[in-house]
Amino acid sequence: GCVEDGAADDEEATAVEGLAGEGSGEECTIEEPVPVGVVFSLTGGAAFAGEYQREGLELAFEEINGKGGVEYELVLEDDATELEDSIAAFEKLIERDEVSIIVGPTLSDMAFSTFEDAQQAGVPVLGISTTAKGIPDIGDYVFRNSIPEEVALAQSLPAARDALGLENVAVMHDNEDEFTSSAYTTMTEVLDEEGIEIVGDETFQTADTEFRSQLTKIREDDPDALVLSALPAATVPLVQQARELGLDVPIVGGNAFNSPVMIDNLEDAAEGLIVGGAWSDALDSPGNAEFIESYTDTYDRAPDQFAAQAYTAAHMIDAAVRAGCDGNREAIKTNLGQLSELDTVLGTLSLDENGEVHHEPVVQIVEDGEFTLLDG
Ligand code: 1QQ
């Protein structure tokens, strides 16, 4: 048949009869298990997020499989925080496992390539932590439930200004990674819009461990705060070195700061960090208390934002599959694109016609080693 919307594969050739069910909604019954591919960074630099993502996703699918009618079978791949591994994992899931949808990868840096491949193959993808600008624009098979940095920073920077009385800041960013570069651009745009002056601007690279020369320059610029776009591996030594050099200003960060692993590593140096994000344990969202309780019981540690977004992904996929009572790629793509006002632990969430997510962001500050809501 004739394929619209730019997918290369022929829909009829890939539709599996046993994945088209009967009934609808909670009464939907599908004969074969729906294969869900998963690519997370379970090892390497982004494992701080990948492990929580795996736990959140597995917990949700276990609960959903218990409801009956539709069963999901996860095929989990570790991309080891390497682009080539991520591309290979997507290829395996698309060609060999013939999954109906892929969740992940963890980093935007990989999503810009892997989502392109999934789009070409006509396989829907749901990003859950890929926050860089432009990801949903990759194509009509590309969705995310991770609010973009544009939304998080538009909330966190004004909130930080109001709470801390900021007039000027210095900016530092990793200019090698796609996510940190994208977030840096957004940071400068929001600072400009908000009339917050940038008095210093320094760069570094993903694997760097030595930041003293940039931090010394920034100390001389005497900013009210540091706005930092970095992954956790660099953030930990960078913040430690800033404090050693006597650069004691508040730090506002990007999405990677939403990690309890990073706070544990920074210990006292994490105090006062401010970050915008998608979820908080203090949120009064539908099912949040139950989610936190069952996650903590299962894994012996509290969930984080990355776990909550993974947990939400499973519920979005289940809602889309049941909406059409069809676990095939095309049906999931169509029905995911129509998700509107779904009650989730992240709050009430919708996807727009571009596959972009919409829900209320939160702004948090680290106090006494814990994330605490900051009222803007
Ligand atoms: C991205 C991110 C990372 C911080 C997720 C772990 O937001 O790569 O887009």
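Predicted model: local features only at pLDDT ≥ 70, side-chain atom pairs only at ≥ 80, totals over all residues.
The protein is divided into two domains, with domain 1 comprising residues 11-147 and 284-358 and domain 2 comprising residues 150-277. Their C-alpha centres lie 30 Å apart. The contact between the domains takes 13 residues from domain 1 and 18 residues from domain 2. On the side of domain 1 that touches domain 2, helices H2 and H4 each supply at least two residues. The largest share of that side comes from H4, with three residues. By class, the residues of the side of domain 1 that touches domain 2 divide into six nonpolar, four polar and three charged.

The ligand lies between the domains, because domain 1 and domain 2 both give residues to the shell around the ligand. The shell includes Ala 46 and Ala 49, together with Thr 106, Leu 107 and Ser 108. Six residues of the shell are nonpolar and six are polar, and no charged residue is found in the shell.

A cis peptide bond links Gly 104 to Pro 105, with omega near 5°. Pro 105 belongs to the loop between strand S3 (101-103) and helix H4 (108-121). As a general rule, most peptide bonds are trans.

Helix H2 spans residues 47-65. The 19 residues of H2 should span 27 Å at 1.5 Å a residue, and the end C-alpha atoms of H2 are 26 Å apart, which agrees. H2 is mostly covered, with 14 of its 19 residues buried.

Helix H10 is formed by the twelve residues 288-299. From its first C-alpha to its last, H10 reaches 16 Å, close to the 16 Å expected at 1.5 Å a residue. Asn 288, Phe 291 and Tyr 295 of H10 are buried. The buried residues fall within an arc of 55° when H10 is seen down its axis, so they line one face of the helix. The face of H10 turned away from its buried side carries Glu 290, Glu 293 and Asp 297, which are exposed. The cover over the buried residues of H10 includes helix H2 and helix H11 (305-324).

The loop between H10 and H11 contains both Asp 300 and Asp 304. Asp 300 counts as exposed because it has 7 C-beta neighbours inside 10 Å. Asp 304, by contrast, counts as buried, with 26 C-beta neighbours inside 10 Å. The C-alpha atom of Asp 304 is separated by 7.9 Å from that of Asp 281, and the two residues are 23 residues apart along the chain. When neighbours within four places in sequence are left aside, the contacts of Asp 304 are Tyr 52, Asn 258, Ser 259 and Pro 260. Of these, Tyr 52 falls within the residue range of H2, whereas Asn 258, Ser 259 and Pro 260 fall within the range of domain 2.

A positive phi is also found at Glu 341, where the value is near 50° in a residue other than glycine. Glu 341 is placed in the loop between helix H12 (329-336) and strand S11 (342-344). With 9 C-beta neighbours inside 10 Å, Glu 341 counts as exposed. In general, most residues other than glycine have a negative phi.

Helix H12 itself includes Lys 333. Lys 333 is buried, because 24 other C-beta atoms lie within 10 Å, and the cut-off for a buried residue is 20 or more. Lys 333 and Val 123 are 210 residues apart along the chain, yet their C-alpha atoms are separated by 7.9 Å. Leaving aside neighbours within four places in sequence, Lys 333 is in contact with Pro 124 and Tyr 141.

Definitions and conventions
Residues numbered from 1 in each chain as written. Helix = DSSP H or I, 4+ residues; strand = E, 2+ residues; numbered from the N terminus. Expected span 1.5 Å × (residues − 1). Buried ≥ 20, exposed ≤ 12 C-beta atoms within 10 Å, placed from the backbone. Arc of directions from axis to C-beta. Contact = placed C-beta atoms within 7 Å. Near = placed C-beta within 6 Å. Nonpolar A, V, L, I, M, F, W, Y, C, P; charged D, E, K, R; others polar. Domains from an automatic or database assignment.
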